[in-house]
Amino acid sequence: KGLFTYDPGFVSTASCESNITYIDGGKGLLLHRGYPIEELAENADYLETCFLLLYGELPTAEQIEEFRSTITHHTMVHEQIHSFFHGFRRDSHPMAIMVAVVGALAAFYHDSLDITDPEHREITAHRLISKMPTIAAMVYKYTIGQPFAYPRNDLDYASNFLYMMFSNPCEEYQVNPVLAKAMDKIFILHADHEQNASTSTVRLTGSTGANPFACISSGIAALWGPAHGGANEAVLAMLEEIGHEDNIETFIEKAKDKDDPFRLMGFGHRVYKNYDPRAKVMKQHCDNVLAELGVRNDPLLRIATRLEKIALEDDYFVERKLFPNVDFYSGIILRAIGIPTSMFTVIFAIGRTPGWIAHWKELVEGKYRIGRPRQLYTGETQRPMPKR
Ligand code: CMC
């Protein structure tokens, strides 16, 4: 003891320098390359946000045209990947398949093995952003037993994703532009969040010089947990379980009970001790999307809004500065778009991909050492092996 700083959960340990994303948790401020998330969500689209995260500046008209064309060019996956899926049970959780298939891309793109070559790093970054929606939609199609839909490169990023999710060979499918716009905004709101658990995992894996597809796969695995990206799925399950506004108090009491492991899902954050700015945009967005879709009086939205109000007035949540986070309202929009609950965390993974890649690139393009935390050993002292 005394040799190392003991910081379980890395509450006060900075693991790197980074110039990508800034959070002031006290103020509820989130900046990507200096730009507030609210302004990006209002004025940029997802691919512009990806460009900003990867290259540090918003793209010019010419740059974004080229970037869109590059991303579109890589949307298909190797045909051999199709056979991969058939090894999985149809009732697999989509995130289990995501972890495996994204990691498996390393076996298809051998140029990703040499991360010292900037061109290889570049094409890997593009491939990941391009192929995540394709793989995600394939996962969904596989789990419901429908044929995979090939990407349509005449569609924008979000529309193409919805097309691959919901079209089938038997009928005409028109992407609803309102839903596509909603999807695009959801991707933006998830695009990066500095050293969260999954990004830190990507960096730690990357610090060994591992293959970038394997690094992103490790990030997807970390994201899956209900304390992180899995919370969006858990929020919807919780709202459904609450079922009626009259039951909210019971769940609030459960969340406060220290003998009960239940927590209010979509509430609280390690860094934000104020309203998560993404949650604010998401709530506004949720109201707009439901209005545009003509959904009036959505029962889950009613429960969520009431739950938020009660929690924000309760001493337990006030004292601990627990506010709704990004996951609190996203599920209600995703549900309105028609995305099944089991795919919610997959959507988060698509959105977070440019963040993971930007951090991986920042790591491997700078000076770095292998990430290797120390420990405080609490086990037996040295002892002789008994004679046997
Ligand atoms: N419901 C009830 N109590 C809570 C909650 C909650 N959602 N979140 C934190 N607390 C309490 C916790 O019990 C502790 O109380 P006490 O001081 O009396 O022991 C106090 O607040 C501090 O919590 P903590 O667990 O020390 O905080 P943390 O920074 O380690 O955990 C968190 C942050 C997000 C994991 C946690 O707030 C949580 O489990 N929230 C619910 C899951 C969730 O919504 N996760 C999504 C996070 S945002 C998106 C993302 O990153 O993916």
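Visitor: Which residue takes a positive phi just after α11?
Guide: This is a predicted model. Just after helix α11 the backbone takes a positive phi of about 75°. The residue concerned is Gly 243.

Visitor: How far apart are the end C-alpha atoms of helix α11?
Guide: Helix α11 covers residues 231–242, which makes twelve residues.

Visitor: Which helices are included in what covers the buried residues of α11?
Guide: The buried residues of α11 are Ala 231, Asn 232, Glu 233, Ala 234, Val 235, Leu 236, Met 238 and Leu 239. Their cover includes three helices: α14 (299–312), α16 (327–337) and α17 (344–365).

Visitor: Which residues does the UniProt annotation "active site" cover, and what is the largest C-alpha distance?
Guide: According to the unreviewed UniProt entry, the "active site" annotation covers His 269 and Asp 327. These positions are spread over 59 residues of sequence, yet they cluster in space, with a largest C-alpha distance of 10.7 Å.

Visitor: Is His 269 buried or exposed?
Guide: His 269 lies in the loop between α12 (248–256) and α13 (277–292). Leaving aside residues up to four places away in sequence, His 269 touches Asp 276 and Asn 325. A residue is buried if 20 or more other C-beta atoms lie within 10 Å of its own. Because His 269 has 23 C-beta neighbours inside 10 Å, it counts as buried.

Visitor: Which residues does Asp 327 touch, not counting those up to four places away in sequence?
Guide: Asp 327 is found in helix α16. With 29 C-beta neighbours inside 10 Å, Asp 327 counts as buried. Beyond four places in sequence, the residues that Asp 327 touches are Ala 231, Asn 232, Val 235 and Gly 266.

Visitor: How many residues of the shell around the ligand are charged?
Guide: The ligand is surrounded by 20 residues, and the closest are Ala 231, Arg 263, Gly 268, Arg 270 and Asn 325. The shell divides into eight nonpolar residues, eight polar and, lastly, the charged ones, which number four.

Visitor: What radius of gyration does the protein have?
Guide: The protein contains 17 helices and three strands, and its C-alpha trace spans about 70 × 60 × 50 Å along the principal axes. Of its 388 residues, 44% count as buried. For 388 residues, a compact globule would have a radius of gyration near 21 Å, which agrees with the protein's value of 22 Å.

Notes: Residues are numbered from 1 along each chain as its sequence is written. This is a predicted model: local features need pLDDT of at least 70, side-chain atom pairs count only at pLDDT 80 or more; totals for chains, interfaces and linings use all residues. A residue is near a molecule or strand if its C-beta atom, placed from the backbone, lies within 6 Å of it. Ala, Val, Leu, Ile, Met, Phe, Trp, Tyr, Cys and Pro count as nonpolar, Asp, Glu, Lys and Arg as charged, and the others, Gly among them, as polar. Helices (H or I, at least four residues) and strands (E, at least two) are DSSP runs, numbered from the N terminus. The radius of gyration is taken over C-alpha atoms; the globule rule is 2.2 Å times the number of residues to the power 0.38. A residue is buried if 20 or more other C-beta atoms lie within 10 Å of its own, exposed if 12 or fewer, and partly exposed in between; C-beta atoms are placed from the backbone. The expected span of a helix is 1.5 Å times one less than its number of residues. Two residues are in contact if their C-beta atoms, placed from the backbone, lie within 7 Å. UniProt positions are given in the numbering used here, feature names are shortened, and annotations may be inferred rather than shown by experiment.
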